[in-house]
Amino acid sequence: MSPKKGDPVAPPAIGAEWQIRFSTTEAVKGWQDLENTAPGNLRKAWETMRAEPGPGPGKPTSRHHQLRRSLATGSHGGRTLPQWQIEVTGGGRIWYLLDEDRHTVWVQAAGTGHPKATD
């Protein structure tokens, strides 16, 4: 999704930071909903995705982990990638694909409620 007049400007990744990009237009809307309801928690999630989105010290946790079973991976650009979740609020979630080759996090879903795939 291309930026438009009035859109926020994302800071560029520097050093070892990860790029964070939206993979779906639904994720853009869900992100905006989270931004309106839980900006502090969303900022912490963004910082986690920017600095340490995948496996490492202190992970997984109950609030940040790779999804399981059929949701453990997702597809982007014809490639299968690990799919992770950050619990932003009690119901709010971000699902993203971890693209280690491109050092990019692809936000697949974001929103104030549980993703439909878990219903």
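Buried here means under 20% relative accessible area, exposed over 50% and partly exposed in between, with a 1.4 Å probe and protein chains only. This is a predicted model, where local features need pLDDT of at least 70, side-chain atom pairs count only at pLDDT 80 or more, and totals for chains, interfaces and linings use all residues. Residues are numbered from 1 along each chain as its sequence is written, and side-chain values use heavy atoms, with hydrogens and water left out.

View 1. Helices (H or I, at least four residues) and strands (E, at least two) are DSSP runs, numbered from the N terminus. Follow the protein chain along its sequence and you read β-α-α-β-β-β-β-β. Its radius of gyration (over C-alpha atoms) is 14 Å, close to the 14 Å from the globule rule (2.2 Å times the number of residues to the power 0.38) for 119 residues, so the chain is as compact as a globular protein of that length. Of those 119 residues, 37% are buried.

**View 2. Helix H2 covers residues 39-51.** Its 13 residues reach 18 Å from first C-alpha to last, close to the expected 18 Å (1.5 Å times one less than the number of residues).

**View 3. The buried residues of H2 are Leu42, Ala45, Trp46, Met49 and Arg50.** They sit on the same side of H2, because their arc around the axis is only 135° (taken from the directions from the helix axis to the C-beta atoms).

**View 4. Here is what the buried residues of H2 pack against.** Their partners are helix H1 (25-37) plus strands E1 (19-22), E4 (79-87), E5 (93-99) and E6 (104-111), with contact meaning heavy atoms within 4.5 Å.
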